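Visitor: I've got a model open and I'd like to walk through it with someone. Can we take it piece by piece?

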Amino acid sequence: MGVMIYQISENRQIPLFALSFYLLTLSMMNTMTYSRILGIGSYLPTKRITNDDLAQMVETSDEWISQRTGIKARHIADDSEKTSDLALKAAQNALSQANIHPNEIDLIIVGTVTGDYAFPSTACLVQQKLGITNRCPAFDIQAACAGFMYAMTMADAYIRGGLAKKALIIGAETLSRIVNWQDRNTCVLFGDGAGAAVLGASDEPGIIHSKMCADGAFESVLHMNGRMNNGEWTGAKFINMDGQAVFKFAVKSLAEVAQETLNEANFPAEKIDWLVPHQANSRIIDATAEHLGLPREKVILTVAEHANTSAASIPLALDEGIRTGKIQRGQHLLLEGIGGGFAWGAMLLRY
Ligand code: ACO
């Protein structure tokens, strides 16, 4: 029996079995690239304000705040601490957990609504403070409380597309600077903090699927018109919120996006090991968990101690879950959250 020949060009031929072997080898080399969490870190300012402390400042009570939100305390940056300082400490903790030298990082994204300046970005400030000299891209994104997930989704796309190998993703806020401490409707809800993740390219699945959404039609329900200048806000100073409208939209949209994310990934809710939600209000979190059929024991809850730290809340919760030994390598996590915009989303990942 003769050998079958494949004609490459007018005067070049190779045996068909050699071509098949070549294509098979190519396909085996071309394995899928994922992004995996290599390390997580966080930072909370030391100053802590309890509900009882707040009751000395505005007409409120521990009972009202606890029942309506699940919040018991919040941490507040001192006057010398800017968002980039909080971000730096969280980043250092994440890099040390990942055992990665700062100069190995080739992408930095910070999610924040309280960056130090209009520009340079907080990501650029963190790059400089970490002593990174490799000129890696660094930029901020603004998706309010969904900022960390938006940033993770973007970094995942960079890594899958081969544009980065080790990304530093940070959510950091000093919301205490944009809270009206005379307004009991809002001041009881928020806190300061930062959380960070190092994502690395991997052959093994890490981030499995994410779905980010936005609807700008809800500007009037939750907004803050103003800008940061050297750590101080100028223009309209405070967060403006219709709490009940936010609550209703959050409960509906988070249940939907969590379910859609699982459906699109063809992943059953019962296989989720931990729900790691944005920590705004324990009643919103309970509603999402209930919709997914997840018991409270499978939810990482930090809202009591952290309050709502916007873009920092999910990585702060992740870090707490890992440090307390609840979240283990190989487990499946569902992150979800919503914030001003509205901007919201959910992300399924294997830790
Ligand atoms: N202490 C005591 N009483 C208060 C306080 C307070 N801190 N704040 C409001 N009240 C009063 C109100 O004035 C009102 O009094 P009234 O009936 O005499 O007018 C009463 O309590 C009830 O107010 P509601 O706004 O109806 O209270 P509600 O049960 O809706 O709870 C809350 C308010 C906690 C803000 C809730 O709507 C909520 O959590 N919404 C979501 C908001 C949120 O999470 N925002 C964060 C940004 S977006 C995000 O991260 C998801």
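Guide: Domain bounds here come from an automatic or database domain assignment. This is a predicted model, so local features need pLDDT of at least 70, side-chain atom pairs count only at pLDDT 80 or more, and totals for chains, interfaces and linings use all residues. Residues are numbered from 1 along each chain as its sequence is written, and side-chain values use heavy atoms, with hydrogens and water left out.

Visitor: How far apart do the C-alpha centres of domain 1 and domain 2 lie?
Guide: The chain splits into domain 1 (34–204) and domain 2 (208–350). Between their C-alpha centres the distance is 14 Å.

Visitor: What area do domain 1 and domain 2 bury between them?
Guide: Contact means heavy atoms within 4.5 Å, and by that rule 59 residues of domain 1 touch 52 residues of domain 2. Buried area is the accessible area (1.4 Å probe) that two parts lose on being put together, summed over both. Carbon and sulfur atoms carry 60% of it here, and the total is about 4300 Å².

Visitor: Which residues in domain 1 lose the most area to domain 2?
Guide: Three of them together make up 17% of what that side buries. They are Cys-145, Met-149 and Ile-178.

Visitor: How many residue pairs are in polar contact between domain 1 and domain 2?
Guide: A polar contact is a pair of N or O atoms within 3.5 Å; within protein, one must be able to donate a hydrogen and the other to accept it, and residues adjacent in sequence count only if both atoms are side-chain atoms. With both residues at pLDDT 80 or more, the count is 17.

Visitor: Which side chain does Glu-305 meet in a salt bridge?
Guide: A salt bridge needs a side-chain nitrogen of Lys or Arg within 4 Å of a carboxyl oxygen of Asp or Glu. The whole structure has 13 of these, and 2 run between domain 1 and domain 2. For Glu-305, the N to O distance is 2.7 Å and the partner is Arg-48.

Visitor: Where is Pro-120 found?
Guide: Most residues other than glycine have a negative phi, and most peptide bonds are trans. Phe-119 and Pro-120 are joined by a cis bond, with omega about 0°. Helices (H or I, at least four residues) and strands (E, at least two) are DSSP runs, numbered from the N terminus. Pro-120 sits in the loop between β6 (107–111) and α5 (122–129).

Visitor: What is omega for the peptide bond from Gly-341 to Phe-342?
Guide: Phe-342 is in the loop between β16 (332–339) and β17 (343–350). The bond from Gly-341 is cis, and omega is near -10°.

Visitor: What phi does Asn-99 have?
Guide: Asn-99 belongs to the loop between α4 (83–98) and β6. Although Asn-99 is not a glycine, its phi is positive, about 60°.
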